[in-house]
Amino acid sequence: MSTVPEEAERLLESEPVMAHLGTCVEERPHVAPVWYRYVPETEIVEIVTTGRKLANIRKNPRVSLSIQKDEAGQTHWMVSLLGTATVVDDCAETAAARHRINAKYDAEPAAYAENTLVRIEVGSASYRTY
């Protein structure tokens, strides 16, 4: 049985909107915007990141993602995902993922070369359209 409903998968892949990644270390939450790529066959979300987000994930792999599409102040849809993150310390895999994500957001393929690949295995998902 799929964790992510088909309609939520369609929304996640529909356009390059920003996600907000929630991490938590020492009972202190941290939320920051990230670009992402959803891989429906595996129910994995890929992000490439650095800094506090990456440090937090290394300490506590449980994360959340909130993705929302708005237009002119009106929300069209939202998807919330809870999952477990794995840091991928492999330069070739990170470069390939960065290329895929940067393409989605129309950025230069080599942009953000300092970032590290993180794969998030989705444990639960909810969505709503408006």
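The following legends describe close-up views of a predicted model.

The model is predicted, so local features are given only at pLDDT of at least 70 and side-chain atom pairs only at pLDDT 80 or more, whereas totals for chains, interfaces and linings use all residues. Residues are numbered from 1 along each chain as its sequence is written, and side-chain values use heavy atoms, with hydrogens and water left out.

**View A. The buried side of helix 1.** Helices (H or I, at least four residues) and strands (E, at least two) are DSSP runs numbered from the N terminus. Ala8, Glu9, Leu11 and Leu12 of helix 1 are buried, that is, under 20% relative accessible area, where exposed means over 50% and partly exposed lies in between (1.4 Å probe, protein chains only). These residues lie on the same side of helix 1 because they cover an arc of only 160° around the axis, the arc being that of the directions from the helix axis to the C-beta atoms. The cover over them includes strand 3 (37–39), strand 5, strand 6, helix 3 and strand 7.

**View B. The buried side of helix 2.** In helix 2 (residues 51–59), the buried residues are Lys53, Leu54, Asn56 and Ile57. Their arc around the axis is only 160°, which puts them on the same side of helix 2. Among the elements that cover them are strand 1 (19–25), strand 2 (28–34), strand 4 (44–49) and strand 7 (116–129).

**View C. The largest nonpolar core.** This core, a set of buried Ala, Val, Leu, Ile, Met, Phe, Trp, Tyr and Cys residues joined through side-chain atoms within 4.5 Å, has 31 residues. Tyr36, Val45, Leu65, Ile67, Leu81 and Ile120 have the most contacts inside it. Two or more residues each come from helix 1 (6–14), strand 1, strand 4, helix 2, strand 5, strand 6, helix 3 (91–104) and strand 7. Strand 6 gives the largest share, 6 residues.

**View D. Surroundings of Leu117.** Leu117, in strand 7, is buried with a relative accessible area of 0%. Beyond its neighbours within four places in sequence, Leu117 is in contact with Glu46, Ile47, Val48, Thr86, Val87, Val88, Glu93, Thr94 and Ala97. The C-alpha atoms of Leu117 and Val88 are separated by 5.3 Å, although the two residues are 29 residues apart along the chain.

**View E. The largest pocket.** A pocket is an open set of points on a 1 Å grid over the protein atoms alone, where a 1.4 Å probe fits, with protein on both sides within 12 Å along at least five of seven lines; lining residues have an atom within 4 Å of a point. The volume is about 190 Å³. The lining includes Met18, Trp35, Lys53, Arg98, Tyr112 and Asn115. Strand 2, strand 4 and helix 3 give two or more residues to the lining, with the largest share, 3 residues, from helix 3.

**View F. Two loop residues with positive phi.** Glu43, in the loop between strand 3 and strand 4, has a positive phi of about 55° although it is not a glycine. Glu43 is buried, with a relative accessible area of 12%. Ala72, in the loop between strand 5 and strand 6, likewise is not a glycine and has a positive phi of about 50°. Ala72 is exposed, with a relative accessible area of 79%.

Technical notes:
Contact = heavy atoms within 4.5 Å. Points joined across faces, edges and corners; volume = space filled by probe spheres on them.
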